[in-house]
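Hi,

Here's the structure I promised to pass on. Have a look at it first, and then read my notes below.

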There are 2 protein chains.
Amino acid sequence: MTREEVAVICKAMSDANRLRIIEMLTQGEKCGCHLLEELQVTQPTLSHHMKVLSDCGLVSSYKDGKWQHYSINCEKFKEYKAYIAAITCCGNR
Amino acid sequence: MTREEVAVICKAMSDANRLRIIEMLTQGEKCGCHLLEELQVTQPTLSHHMKVLSDCGLVSSYKDGKWQHYSINCEKFKEYKAYIAAITCCGNR
DNA sequence: CAGTCATATAGATGGTTGTCAATATATATG
DNA sequence: CATATATATTGACAACCATCTATATGACTG
């Protein structure tokens with residue numbers, strides 16, 4: 001994963017609502033309507049956030065009838081975590 | 001560390017130049033003029049980036065004569081890394 | 001088919017960001 | 001003191017962002 005890519009993912013995670021969404025998806029796949037119940041934003045705003053998270057590859061989704069189901073793209077997220085973890089400081093990892 | 005605080009740090013790391021700066025500081029303390037040599041930005045732009053990194057607590061600095069020396073604030077950075085590492089996905093940590 | 005529900009898109013708006021040129025400040029040096 | 005060096009501040013500008021309202025799309029349901 002390149003530095004540019006990491007910067008893009010960091011930007012996606014630089015909004016508290018989106019960070020919360022990622023943490024919610026930690027518990028497993030969720031549909032948009034469920035996420036919407038928990039967040040204090042309108043539906044179009046949620047749709048925008050999900051697009052940002054999807055565009056950077058952090059979140060995957062599929063459509064099931066009228067529901068859109070979202071989940072963390074584990075491979076991508078693990079790559080990101082590995083990059084961050086590898087930035088050493090004070091001799092610690 | 002709160003989610004809000006993590007979001008702020010993510011925002012600070014969401015610029016490729018700043019991410020590069022952090023990686024450079026990994027090798028140890030550096031003065032502004034040294035950082036400036038490696039980056040394709042003007043001095044005021046570097047000064048701005050260092051302020052962003054300092055304001056969120058990720059970078060510490062002290063003045064030594066005319067030089068400003070910067071280094072990673074290890075405690076803060078480790079807190080951030082721990083928060084990110086704790087976001088589970090696919091049952092992996 | 002008409003209505004309802006989940007989601008996406010369009011367009012607007014106020015705020016933020018990265019960047020630069022110009023300038024100021026502070027420190028060292030001859 | 002005059003000059004050079006390192007850094008910070010100011011002000012401007014174009015681009016981007018989070019959010020909203022309004023509207024469209026698409027899918028199920030009676």
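**The sheet in chain B**

E1(B) and E3(B) run antiparallel and are joined by two bridges; strands here are DSSP runs of E with at least two residues, helices are runs of H or I with at least four, and both are numbered from the N terminus. One bridge pairs B:Lys30 with B:Tyr70 of E3(B). Two strands pair if DSSP finds at least two bridges between them, and on that basis chain B has an open, antiparallel sheet of three strands in the order E1-E3-E2. Strand E1 (30-31) and strand E2 (59-64) of chain B are its edges, each pairing on one side only.

Before you go on: this is a predicted model, where local features need pLDDT of at least 70, side-chain atom pairs need 80 or more, and totals for chains, interfaces and linings use all residues. Residues count from 1 along each chain as written, chains are lettered from A and ligands numbered from 1 in written order, and side-chain values use heavy atoms, without hydrogens or water.

**Around the DNA**

DNA strand D has 22 residues around it, the closest being A:Arg18, A:Thr45, A:His49, B:Cys33 and B:Gln43 (near means a heavy atom within 4 Å).

Which atom of DNA strand D lies 2.7 Å from a polar side-chain atom of B:Gln43? A base nitrogen.

Cheers

Definitions and conventions:
Polar contact = N/O pair within 3.5 Å; in protein donor to acceptor, adjacent residues only side chain to side chain.
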